[in-house]
Protein chains: 2
Amino acid sequence: MKHPSSAWLADSVQQLLIRDLLSRVRSWAPDQTISYRELREITYAEFLKRVNQLAIVLTRLGVQAGDRVGVMDWDSHRYLELFFAIPMLGAVIHTVNVRLSSEQILYTVDHAADSLMLVHPDFFEVAEAIAPRVPKVRHWITLSDDAMPPATSLASVGDYESLLAGAELEFDFPDLNENTVATLFYTTGTTGDPKGVYFTHRQIVLHTLAEGLALTAHNNPFSLSDDDIYLPLTPMFHVHAWGFPYLATMLGIKQVYPGRFEPQRLLSLLAHHRVTISHCVPTVLLMLLNHPESKQVDWSRLKIAIGGAPLPIGLARAAANRGIRILGAYGMSETCPIIAASHIKPPRSGPTEAATDPIEIVTRTGFPIPLVDVAIMDSAGVCLPAGRENIGELVLRAPWLTRGYLDDPLRSEALWKGGWLHTGDIAYRDNEGYIRITDRLKDVIKLGGEWISTLELENALSQHPAVKEVAVVGVSDPKWDERPHAEVILREGIGVEITPRTLLKFLHTFIDNGTLHQRVILTQIRFAATLPRTSVGKIDKKALRLGLQNPTTENP
Amino acid sequence: MKHPSSAWLADSVQQLLIRDLLSRVRSWAPDQTISYRELREITYAEFLKRVNQLAIVLTRLGVQAGDRVGVMDWDSHRYLELFFAIPMLGAVIHTVNVRLSSEQILYTVDHAADSLMLVHPDFFEVAEAIAPRVPKVRHWITLSDDAMPPATSLASVGDYESLLAGAELEFDFPDLNENTVATLFYTTGTTGDPKGVYFTHRQIVLHTLAEGLALTAHNNPFSLSDDDIYLPLTPMFHVHAWGFPYLATMLGIKQVYPGRFEPQRLLSLLAHHRVTISHCVPTVLLMLLNHPESKQVDWSRLKIAIGGAPLPIGLARAAANRGIRILGAYGMSETCPIIAASHIKPPRSGPTEAATDPIEIVTRTGFPIPLVDVAIMDSAGVCLPAGRENIGELVLRAPWLTRGYLDDPLRSEALWKGGWLHTGDIAYRDNEGYIRITDRLKDVIKLGGEWISTLELENALSQHPAVKEVAVVGVSDPKWDERPHAEVILREGIGVEITPRTLLKFLHTFIDNGTLHQRVILTQIRFAATLPRTSVGKIDKKALRLGLQNPTTENP
């Protein structure tokens, strides 16, 4: 590109920094409150002072730009202060997943090279166990809820509150480059070591703005507003509690942090503070709704974003019957996390069928939020058009996706193959533009360049009255690369003869109505008396695949 | 800052481009409509096709990255298409201010070095007059509303519609650097040539997100939503119609462009399309409300942002009485433009007095929107705390402020003195955090490092029963740099003797209640029989200042 004069290109571009999320709230909502359980309530004015004090404490302990600081805490006002103070120093907050095993926690603290750790007493035991093996940790700070912190063998320099109490109220935060890393946490897959995922100041700010716009600009199923009251129902170590704490703080809304997740306390806090906005995984919602003391909550106040797993329509309906407004949300650790939300279009926007059940819409994976570009890619890397018949891997571009896994160039490269972030989710875009995830990539079969969903195939076969149980895996095939293999347990006493051909004919119904790809007719079907199972009783597809390297029964 | 491994700094950062504002709407709202007067209605699907066709037409005419393309049109769907297509090519849209004199238009087209001009027939006369003197313009395109464009001596390559009709539907827009300049327009002051103000893709995207969040996240006085219907009541050449067209398009809402501003047509379009959201200067609102045919509009649907001039409380009340929800907004050409909006805080946020009249709040200059950092700076460059007694120049930081005036390094440097954008507005932050503009910089006096408002001083003196008319200017002073001089015409037949000392004593009332700075006691007061006036009858302060270089009457 040519630029006719130097004035055409910005000589200095104002950086997007987490610090700037706070510039407005200082005078917008100084008296608004941030609560921690039933134990503490501070105002935003106090919160801002404490962020400054915290920065002074951390600086005195030698924390410098680029250092990693590990946090092991439940959702708390302290965690919120750390969300801001650590990155605003130019350091990186490592939000330790306290649900990992102690060996995995050891791995992440060591891999992140944390130089300072802040630990709640509930995690003293783990911390004490790993402390001798993480020599890079120079200092420990305790995060106690009590005036007298419990005893610990950790070489603690003091408790959070007492350290803050001795610090001045003003800190001059540095001007940073917006591409400075701000946050770091680890995600665990089924195999291999945990992977470090990290986000820059620019990414956090852009995610906050786009998530905020997505949550506020739509009327249906709900709109977030400046008079909402927020309580997180997901842990803050899990992808920054989906970015909601940054957004809630920027907007200056009332916030309530619940500490350790105890259903009874959550219900009591929801009721007492008249909470209006939250977010959680489906199982937490189910647990709260089914709790014997759930009656104390006026659920009709509540707007909840649900993500982390598919939202079953039965649960969505049960929540709606209690008056909750539910929004489906989609994202993953690598995506900061929000990518899509299942908003309902206003009338006349596009081809939404008037008869569509709104509850059905909110259980869809979601519609991309602003600045997100999504594509469905087949195994050859070709982007597919909308339509249920065009399933492929969901790939993403957005300005807030992690640039890779920390110090892991190979897996980073795989994540970003071809310039798109590969989610490992198999999906299609429906004709209204919503993303519909059908499978994880490991659950699909690549058949001559087409994706075949094992879950959909299992679902179809299981609808035949003779089928008691079924598991589908891919087996290698010289012509098609892979083809489906269905291991079927038949019901006893059906009375008619069932052959593989019977079931293949049955699949035609699904092929004809467009539910299944026509190539599922290439499925090989084998009848068995049992299916291999894992120690927790789930079907062991890995064992099944291994046992199939020399299949013995096959339909022609 | 140190970064422990290359992975810590993003090796490639996804750019913020105007193109990405469109990524979502393609499938969110393909059937939603964009109307132009009573003449045309297109869907978003058609709009997107036309943006592609337009890019093909412009590329064929030789438009390249970095080129400037001038537009002279009323608010139209075509203008919206040009808002996107030109920057998405890497070129710069120059939104020509069609209200300037033909000599000024000539100056701006020449200074911008426009290589292509698109002109509505209403501006053929001006364009024909300047055409021989702008040899850098290689091509002209007409923007006709009729199938048969009127005759013109411009060397037109064709009419917009017929050129589009012949173009393919798909264009592959380039990946750009986000700091590529996207838009350019000229602002005129009281002296000197028009100044070119320009904004990059990054700035437009960030302004769209922050403006969007400000308009959607607050409940009071209103919240923008995805089911709103938009019609601009300010021209698109004026700071991109305050960025609303970019926001409305990103959200996929119904849009109505009214063409030439004719009150009767505006009222008819507002009524016919049941418009719910707009923005304008106070005089346009006044004109519409007072129009004999204003009854046809259901004003209670309407939410209007008002800016460009202080909003008189009487007008705000008149609008509220019609059911309109009014939001004050503040910005200027150099700021893209939105900086602040007069949202009303929810309860318990801060020290808003419960008794405060909400209409009074919306007439305040406004509260900074997200990512905006404001300060009040005294003449020594020191930032002042909140409080009515601390007036100074309003200075700004935000990621979407123009980096300067095109090819004008001296005035650019003055604009950005000390790393803050200097607005030239004199203001204070009130105790609730709202910006309150009191004067333009040229109307204040620098007295020993303090700002003294001539408007407030005039206002105070005019309240003395003996004062018929008063004008205050600054005169140079060896001790104080400047001190106020008040030229006063006394009423006749007052009956008591009035001396300068009488009026100075009177000023003590205002000093004592905190309305005026105590140093106004240094005002020199002179009685006169007449005041110098300009040709249009306004008090000529420049002449008054000149006449005061050797003042003859002075209080001790």
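Is Arg37(A) buried or exposed? Arg37(A) is buried, with 20 other C-beta atoms within 10 Å. The model is predicted.

**Positive phi**
- Arg37(A) is not a glycine, yet has a positive phi of about 45 degrees.
- Arg37(A) sits in the loop between strand S1 (33–36) and strand S2 (40–43) of chain A.
- Arg274(A), also not a glycine, has a positive phi of about 50 degrees, and lies in the loop between helix H10 (263–272) and strand S12 (277–280) of chain A.
- Arg274(A) is partly exposed, as 13 other C-beta atoms lie within 10 Å.

**Cis peptide bonds**
- Asn220(A) and Pro221(A) are joined by a cis peptide bond with omega of about 10 degrees; Pro221(A) is in the loop between H7 and strand S10 (229–230) of chain A.
- In chain B, the bond from Cys336(B) to Pro337(B) is cis, with omega near 5 degrees, and Pro337(B) is in the loop between strand S14 (325–331) and strand S15 (338–341).

**Helix pair in chain B**
- The axes of H7(B) (residues 201–217) and H9(B) (residues 244–251) come within 9 Å and cross at roughly 75 degrees, which makes the two helices roughly perpendicular.
- Ile204(B), Thr208(B), Glu211(B) and Gly212(B) of H7(B) meet Tyr246(B), Leu247(B) and Met250(B) of H9(B).
- This contact has four nonpolar, two polar and one charged residues.

**Contact between chains A and B**
- Chain A gives 65 residues to the contact and chain B gives 65 residues.
- On the chain A side, H7(A) supplies the largest share, six residues.
- That side has 30 nonpolar, 22 polar and 13 charged residues.

Technical notes: Residues numbered from 1 in each chain as written. Chains lettered and ligands numbered in written order. Predicted model: local features only at pLDDT ≥ 70, side-chain atom pairs only at ≥ 80, totals over all residues. Axes fitted to C-alpha atoms, helices over the stretch in contact; angles between N-to-C directions. Helix = DSSP H or I, 4+ residues; strand = E, 2+ residues; numbered from the N terminus. Parallel < 35°, antiparallel > 145°, perpendicular 65-115°, else oblique. Contact = placed C-beta atoms within 7 Å. Nonpolar A, V, L, I, M, F, W, Y, C, P; charged D, E, K, R; others polar. Buried ≥ 20, exposed ≤ 12 C-beta atoms within 10 Å, placed from the backbone.
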